[in-house]
Amino acid sequence: MSQLALPVHHENLALNPKHDHDDIEFEELGLLPADVPPVPSLRGIPLKYISLVTLAVQNSLLTIIMHYSRVSIPPSQSYSAPTAVLLNELLKGSISLAIAFARINRSMPYTSDTPQLPLTASRFWHPAKILQRVRRLGREVFSPDCWKLSIPAILYVIQNNLQYVAATNLEAATFQVSYQMKILSTAAFSVLLLRKQLSASQWLALLFLAIGVGVVQIQTGVSDTSKIASSLLFRGASMNALKGFLAVVAACFTSGLAGVYFEMVLKNSQTDLWIRNVQLSAFSLLPALVPIVLTRPSETGLISSLFANFGAWAWATVAIQVFGGLVTAMVIKYSDNILKGFATSLSIVISFLASVALFDFQITFTFILGSVIVLIATWLYNQPGRNPSPSRLTYVGKN
């Protein structure tokens with residue numbers, strides 16, 4: 001939270017020596033409760049809690065719907081995962097572009113060639129005003145340092161394609177727990193690239209995380225009951241647990257590297273976050289197209305191969321991914337790492353319960369043990385240390 005240079009009323013402190021706990025915290029910062037700006041809220045509920053609960057539900061829905069959309073039909077009738085990744089980037093980039101265009105109007109100074117119109121809709125849609133905003137938006141999107149987003153863009157495309165491979169070959173609950181390894185990869189790259197200092201409790205949490213994911217994978221490898229249940233329920237679709245786990249490991253690696261690199265770019269520039277999202281999506285289009293062109297049948301056209309077998313569940317998966325990208329921006333703005341840890345824990349629990357109810361997932365002692373260890377590790381890693389790192393943003397994956 002940025003500190004505000006607000007006046008301190010020392011006479012109030014002298015006359016009222018007794019303050020509650022919140023007042024004392026404000027005084028330590030040189031602020032009084034009356035000087036602190038109101039917390040953003042919706043119908044009295046702080047936006048940080050709304051965004052985190054929404055993100056937890058979105059993560060769970062994405063895992064469940066992505067898994068169902070991949071295994072509920074025979075592999076020969078499955079939709080193209082690269083097409084879903086491409087559509088995700090197109091939609092997310094378009095929405096980010098619209099938001100960035102709207103935000104420019106707030107901070108753009110007037111010039112001599114721009115009419116000084118009253119604060120009405122006519123000024124907003126005035127041709128000269130629109131042209132000026134379009135020009136500025138173009139300059140910001142195609143800024144000299146926009147090429148820096150090409151590296152995380154390629155990594156995120158690889159990560160998103162690997163997510164589909166993992167969701168096809170792992171149960172939803174197993175995938176959700178295993179995917180928390182992105183915390184481990186993000187921490188490792190933060191230490192290497194950002195010189196971030198981790199506390200002893202955070203290192204211990206990373207050790208617990210690795211142990212917990214290992215326990216979950218052990219039960220996945222020794223138990224074939226989930227495969228049998230899935231084969232009976234989803235008309236012969238089979239899953240390869242080893243292939244799914246390797247895809248998760250690779251996805252976590254690319255997620256951690258891309259997230260830390262994206263953080264480096266944001267911290268070294270003053271460019272708006274939505275502009276960076278537009279640049280990220282723009283650089284993602286070409287690498288997202290490559291697997292589509294390489295894998296399409298020679299006898300079919302590009303457009304027809306793009307949307308082959310692309311049904312309602314495929315569109316639902318794309319829509320939830322796009323929605324998650326927008327919610328993540330709210331979490332970055334309104335929340336902190338501690339609450340994000342609780343959101344992660346909540347999404348794991350929701351995915352677990354949904355897998356039991358919808359996919360006949362077999363509950364085993366080892367899975368519960370591994371999940372509990374991962375939950376504890378997630379909570380422990382996000383606890384504040386005595387010497388917090390200067391880094392204030394930690395991007396654990398794109399969604």
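Predicted model: local features only at pLDDT ≥ 70, side-chain atom pairs only at ≥ 80, totals over all residues.
Residues are numbered from 1 along each chain as its sequence is written, and side-chain values use heavy atoms, with hydrogens and water left out.

**The chain as a whole**

- The chain holds 17 helices and two strands; helices (H or I, at least four residues) and strands (E, at least two) are DSSP runs, numbered from the N terminus.
- Of its 399 residues, 46% count as buried. Buried means under 20% relative accessible area, exposed means over 50%, and partly exposed lies in between, with a 1.4 Å probe and protein chains only.
- Among contacts with a separation of 6 or more, 83% are between residues 24 or more positions apart; a contact means heavy atoms within 4.5 Å.

**What the UniProt record lists**

- An unreviewed UniProt entry lists "transmembrane region" for residues 203-222, 242-262, 274-293, 313-332, 339-359 and 365-382. UniProt positions are given in the numbering used here, feature names are shortened, and annotations may be inferred rather than shown by experiment.
- In the model, residues 242-262 are 100% helix and 0% strand, with end C-alpha atoms 30 Å apart.
- Residues 274-293 are also 100% helix and 0% strand, and their end C-alpha atoms lie 29 Å apart.

**How the helices pack**

- Two packed helices are described by the angle between their axes and the distance between the axes. Axes are lines fitted to C-alpha atoms, for helices over the stretch in contact, and angles run from 0 to 180 degrees between N-to-C directions.
- Angles under 35 degrees count as roughly parallel, over 145 as roughly antiparallel, 65 to 115 as roughly perpendicular, and the rest as oblique.
- The crossing of α9 and α12 is right-handed. A crossing is right-handed if the near helix is turned clockwise from the far one by less than a right angle, and left-handed if anticlockwise.
- Residues making the contact between α9 and α12 include Ser 185, Phe 189 and Leu 193 of α9, and Phe 245, Cys 252, Gly 256 and Met 264 of α12.
- Helix α12 (residues 241-267) also meets helix α13 (residues 273-295): their axes come within 11 Å and cross at roughly 135 degrees. That makes α12 oblique to α13.
- α12 passes α13 in a right-handed crossing, where Phe 262, Val 265 and Leu 266 in α12 meet Leu 273, Arg 276, Asn 277 and Leu 280 in α13.
- Helix α3 (residues 47-71) and helix α7 (residues 150-169) pack at about 70 degrees with axes 8 Å apart, which makes α3 roughly perpendicular to α7.
- Met 66, His 67, Arg 70 and Val 71 of α3 make this contact with Gln 163, Tyr 164, Ala 167 and Thr 168 of α7.

**Residues to look up in the model**

- Ser 351 lies in helix α16 (residues 337-358) and counts as buried at 0% relative accessibility. A polar contact of 3.0 Å joins its side chain to that of Gln 176.
- A polar contact is a pair of N or O atoms within 3.5 Å; within protein, one must be able to donate a hydrogen and the other to accept it, and residues adjacent in sequence count only if both atoms are side-chain atoms.
- Leaving aside neighbours within four places in sequence, Ser 351 is in contact with Ser 60, Thr 63, Ile 64, Ala 172, Ala 173 and Gln 176.
- Thr 378, in helix α17 (residues 365-381), is buried with a relative accessible area of 1%. The side chain of Thr 378 reaches the backbone oxygen of Val 374 at 2.8 Å.
- Leu 86 sits in helix α4 (residues 81-107) and is buried, with a relative accessible area of 8%. Leu 86 and Leu 285 are 199 residues apart in sequence but 6.4 Å apart in space, C-alpha to C-alpha.
- Arg 195 lies in the loop between α9 (181-193) and α10 (200-222) and counts as exposed at 60% relative accessibility. Phi of Arg 195 is near 55 degrees, a positive value in a residue other than glycine.
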